[in-house]
Amino acid sequence: MPLGLTDDATLRHEAPGTGCAGARCEAPSTLSDAVRAKVETHPCYSETAHLRFARMHVAVAPACNIQCNYCNRKFDCANESRPGVVSEVLNPDQALRKVKAVAARIPQLTVMGIAGPGDPLANPKHTFETLRRVGAEMPGIKLCLSTNGLMLPRHVDEIAALGVDHVTITINAVDPHIAAKIYAWVVWEGRRLEGEEAAAILIAQQLKGLSMLVERGILVKVNSVMVPGVNDHHLKAVSRLIKAKGAFLHNIMPLISAPEHGTVFGLTGQRGPTDAELAALRDACADGIAVMRHCKQCRADAIGLLGEDRNAEFTMDKVAAMEAADAALPAPAPLRMAVATSDGKAVDVHFGHAREFSVYEVSAQGARFVERRSAAAYCRGAEECGDGADDLARTIAMLADCAAVVCARIGLAPWERLEAAGLRPNGEHGWEAVEPALAAIYAELRPAAPLAQTARRSAG
Ligand code: CLF
Ligand code: SF4
């Protein structure tokens with residue numbers, strides 16, 4: 001049975017919003033609709049979303065204003081990435097072009113983040129220009145930011161004004177004595193400070209920025225790098241404090257440390273935690289705050305689903321080749337899709353209960369709302385194939401120009417009638433946001449352009 005296709009029992013008894021609310025469910029019932037909408041397609045904020053939705057990072061921020069003892073400036077920001085040389089530092093124009101190229105070829109893309117290779121807020125001009133341009137030209141893409149927090153309070157209003165809904169702050173300690181063992185120095189108001197004085201300023205800025213973001217309704221994830229013998233016994237206190245201040249999620253990441261990285265910790269032989277130590281600490285923190293367990297410590301230029309990195313397919317020379325090929329090809333006509341939705345935001349209505357459908361034109365650039373069309377609700381329960389069949393025929397005729405009919409659930413009988421009429425019923429995206437659902441269906445119906453496929457193959 002296709003996903004989303006119900007038998008009659010399910011059809012009668014399953015109501016929108018009554019799905020799984022188990023401990024690992026992405027959208028527990030305690031989440032408000034507003035928060036649920038923010039996290040359900042963000043692969044880092046929702047454990048299940050990371051299997052279906054992709055993120056990309058644009059590396060527009062090379063400079064940093066602090067020195068972490070686990071970081072070597074030749075490598076990416078280790079606060080949000082595994083050490084590894086970033087392939088290309090981009091300017092905002094290149095970043096926008098890259099996001100467009102990726103969105104056209106990876107329709108699961110829902111999030112663009114800036115996470116380095118230094119600190120985004122130590123590079124505010126390029127960071128904010130990139131966020132502004134991507135937000136304006138690609139409104140369907142969520143904007144995400146990861147920072148060490150030093151300059152956060154100064155920029156919170158601009159972050160909010162640009163519609164950034166997700167911010168990560170890396171907080172490794174809230175005690176300056178412990179933090180001083182993790183940070184070598186901090187540049188503050190033109191001076192390079194060291195020791196506990198530097199650590200105290202950094203911590204104060206991080207916590208102030210956290211509160212300011214929460215006040216503005218921005219979801220805050222806190223990353224902490226677990227350094228055995230340094231902050232491992234302290235991170236539970238960090239977890240409690242950030243929870244009290246309104247953080248949404250705590251991501252405790254293992255220190256990655258090797259002599260060849262050339263970091264202070266690498267050169268002094270500081271080890272990272274074992275898997276068991278990391279799991280035990282996450283468990284210890286999880287009774288106070290939601291704990292992320294699926295982080296892949298991705299690079300500052302990572303592209304794709306978490307755990308995969310397709311950046312090599314989208315180097316700027318390949319993006320230029322894609323743009324040239326796309327310009328030479330006639331743009332394919334958009335596909336029309338009908339959606340059973342109560343609010344225009346989520347695919348949340350059963351086909352048989354839909355009194356109207358929202359029709360969209362969907363292309364590689366996104367989904368454009370066209371119109372609402374009223375339907376006679378044909379569902380008659382056990383009498384579905386009786387008098388109601390005429391209404392179903394009218395509904396099918398009304399949607400005849402649509403390539404797909406997208407709904408939360410659909411019964412077997414109407415499924416077969418739609419297919420027989422040449423329409424593609426789709427009940428696989430129940431209670432998901434409309435736009436990413438349509439993007440995913442578009443990708444199935446109209447795979448990527450030939451050049452993109454060639455580029456993927458040549459990238460190995
Ligand atoms: Fe990137 Fe970070 Fe945004 Fe995600 S990553 S800026 S919140 S879109 Fe995600 Fe990567 Fe872990 Fe970061 S898996 S390192 S938590
Ligand atoms: Fe390195 Fe990131 Fe720390 Fe800056 S904030 S020193 S780039 S790990």
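**A tour from histidine 42**

Select histidine 42: beyond its neighbours within four places in sequence, histidine 42 is in contact (heavy atoms within 4.5 Å) with Ala49, Val111, Lys142, Cys144 and His166. This is a predicted model, in which local features need pLDDT of at least 70 and side-chain atom pairs pLDDT 80 or more, while totals for chains, interfaces and linings use all residues. Residues are numbered from 1 along each chain as its sequence is written, and side-chain values use heavy atoms, without hydrogens and water.

Histidine 42 lies in the loop between α2 (33–39) and β2; helices (H or I, at least four residues) and strands (E, at least two) are DSSP runs numbered from the N terminus. With a relative accessible area of 1%, histidine 42 is buried (under 20%; exposed is over 50%, partly exposed in between, with a 1.4 Å probe and protein chains only).

Next, select valine 111, whose bridge partner in β5 is lysine 142. Strands β4 (residues 109–114) and β5 (residues 142–147) pair in the parallel sense over four bridges; pairing takes at least two DSSP bridges.

Helix α3 (residues 92–105) packs on the sheet and touches β2 (54–57), β4 and β11. The direction of α3 makes about 155° with that of β4 (axes are lines fitted to C-alpha atoms, for helices over the stretch in contact; angles run from 0 to 180 degrees between N-to-C directions).

Now show the whole open sheet: seven strands in the order β10-β9-β6-β5-β4-β2-β11, with mixed pairing. β10 (249–254) and β11 (303–304) each have a single partner strand, so one side of each is without a neighbour in the sheet.

Conventions. Chains lettered and ligands numbered in written order.
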